[in-house]
Amino acid sequence: MHAVRIFPGCSGSFTARSVLIREYRQRTKSSFPAGQLVRQFRQNATPKDAAAVVVGAGPAGIAVVGNLLEQIKDDGKIVWVDEQFRGGRINKFYREVPGNTAVKLFVDYAEALKPFQHILNTEHKPNAITALEKLPQSGTCSLSYAGDMLNLLTAGLRQHPRIQTVEGKANSAHLDPQSKRWTLTTTSESSLTTSPLVVYCTGAFPSTTPLPPSSPPTIPLDTALTPSILSTTIPRDQAFTIGVIGGSHSAILVLMNLYKLTTTSHPLLKIKWFTRHPTLRYAVQKDGYIQYDNTGLKGRAAEFGRTQLDGDVLLNSDAGKFITRIDCSGGKEKEWSLLEKELKDCQGVVQAVGYTPAPIPEVRIGDGKEVVKLGKDARTGAFYAEDGEKKPIGLFGAGIAFPEEVDTPEGEREYAVGMWKFMKFLKRVVPEWVKGSRA
């Protein structure tokens, strides 16, 4: 297959050229005539012809790159796009968060692929992997250990001769139906890539929901999950009440962080906990599987929930001296009324109500006049155009933004989120992605 050409005088789709020139004009805010723009574009953006493009360098993006290196047998280049290449949100916000994954699964992730094994075999010791190996393998650890591992793998992959990294953010993706190749533009002035296979591992950010107008200022969830920053955000020498909204893993970790502050540096701190469920759900080890593996509490969050928060336990626990639970079950109207009433007495509020996928770049197909709405198959990771047949278009997603949908032994459907879960999913589907891109 041939790359989509974007310059006059070269073969390729005229509409594709027009779309990309228009995008370049918008990006550079240029008013030059089209011919001069094309010459400028040619000087600033020489197209890279790649076997695959991966957008994102968090746990899923790293795993995708490793799997592609293993599955693409020839010398095909892989273009890897990210703004920082520092392991995603784990290293940016969550290094102090206690993990809910067994240490052994972090090690398994690091050893799952031949390209990763090559990095580990050539890395000086001690290193991030040997640090993990020294920990109790069935226990959990701070995500800083996992973050260091991701940094080690990222640095090794960036040195691979078949990896071309682009520091920037993906702007748009345009598919030429004739060549079945995507053209990806980024915020990097010198980056333009064509490829039959594009994978988005663009991550997610904490969700928020509307709150009553009288609500206090919001404390970001990322802050509330970082004790060293949280402790400097709240005044120590005056009464201060924080509302915490949510009842799942991140909410329990926030409550745990706040409770620790009340017993150390912030004795005047009080917490109002808004939850729809007075009892908590835990991951339970069964014969050959984990019940509520993707939705139940694990690790230190589970321990804190059982001993301090769950049901009537809160009434007599040490945490109960500082935490008041507000039962928000009974529907949205009751919940809104309680938030309106109870948040008035708070000086801050944390929303721990899940994560929202980060927006992906605009996608255009064919003449490129309209942005295409995408649907997604959560079993295969494949995107498809919603207004057409559900057929492959060479665009895929993985990671927390696009997790695999799985069936539990109890017949429930869950989304598999976690580094090792991402890896298992990708080892299953990436061979099919590569095969389809070469058909």
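I began with Arg95, which counts as partly exposed at 28% relative accessibility (buried is under 20% relative accessible area, exposed over 50%, partly exposed in between, with a 1.4 Å probe and protein chains only). A note to myself before going on: this is a predicted model, where local features need pLDDT of at least 70 and side-chain atom pairs count only at pLDDT 80 or more, while totals for chains, interfaces and linings use all residues. Residues are numbered from 1 along each chain as its sequence is written, and side-chain values use heavy atoms, with hydrogens and water left out.

**Entry 1: the partner of Arg95**

Which residue forms a salt bridge with Arg95? I found Asp148, with the closest N and O atoms 3.0 Å apart (a salt bridge here is a side-chain nitrogen of Lys or Arg within 4 Å of a carboxyl oxygen of Asp or Glu). Asp148 sits in helix H8 (residues 143–158) and Arg95 in the loop between H4 and helix H5 (103–110), so this pair ties together parts that are 53 residues apart in sequence. Helices (H or I, at least four residues) and strands (E, at least two) are DSSP runs, numbered from the N terminus. Asp148 is partly exposed too, at 33% relative accessibility.

**Entry 2: more salt bridges**

I counted through the structure and noted 18 salt bridges. One of them joins the side chains of Asp108 and Lys104, at 2.9 Å from N to O. Both residues lie in helix H5, four residues apart, which is about one turn of the helix. I checked their cover as well: Asp108 is buried, with a relative accessible area of 19%, whereas Lys104 is partly exposed at 44%.

Then I turned to Glu405, which pairs with Arg413 in a salt bridge whose closest N and O atoms are 3.9 Å apart. Glu405 or Arg413: which is buried and which is exposed? Glu405 is buried at 15% relative accessible area, and Arg413 is exposed at 60%. I followed the shared partners from there and got one network made of Arg379, Glu405, Asp407 and Arg413.

**Entry 3: the inside**

Next I looked up the largest nonpolar core, which has 89 residues (a core being a set of buried Ala, Val, Leu, Ile, Met, Phe, Trp, Tyr and Cys residues joined through side-chain atoms within 4.5 Å). Leu68, Tyr109 and Met149 have the most contacts inside this core. Another core, of 21 residues, lies apart from it, and Val81, Val166, Val363 and Ile393 are among its members.

I picked Tyr109 and listed what it touches, leaving aside neighbours within four places in sequence. Its contacts include Pro59, Ile62, Ala63 and Phe116, and also Met149, Leu150, Leu153, Met419, Trp420 and Met423. Contact means heavy atoms within 4.5 Å.

**Entry 4: a surface patch**

On the outside I noted a nonpolar patch of Tyr355, Ile400, Tyr415 and Val417, with about 340 Å² of accessible area together. Patches are built from residues with over 30% relative accessible area and no salt bridge; like charges are joined within 9 Å, nonpolar side chains (Val, Leu, Ile, Met, Phe, Trp, Tyr) within 5 Å. Tyr415 belongs to strand S22 (residues 413–416) and is partly exposed at 45% relative accessibility.

Where is the cis peptide bond? I found it joining Lys125 and Pro126, with omega about -5°. Pro126 falls in the loop between helix H6 (114–122) and helix H7 (128–133).

Phe85 is not a glycine, yet has a positive phi of about 55°. Phe85 is in the loop between strand S3 (78–82) and helix H4 (89–93), and it is buried at 6% relative accessible area. Lys180, not a glycine either, has a positive phi of about 60°. Its loop runs between strand S5 (170–176) and strand S6 (181–186), and Lys180 is exposed at 53%.

**Entry 5: cysteines and totals**

I searched the whole structure for disulfides (cysteine sulfur atoms within 2.5 Å of each other) and got zero. Cys141 is buried at 8% relative accessibility, and Cys201 is buried at 8%.

To close the page, I wrote down the totals. The protein has 15 helices and 22 strands, and buried residues make up 53% of its 439 residues. Of the contacts with a separation of 6 or more, 71% come from residues 24 or more positions apart. The accessible surface is about 21,000 Å², of which 51% belongs to carbon and sulfur atoms (Shrake-Rupley method, 1.4 Å probe; for residues, only the protein chains shown count as cover).
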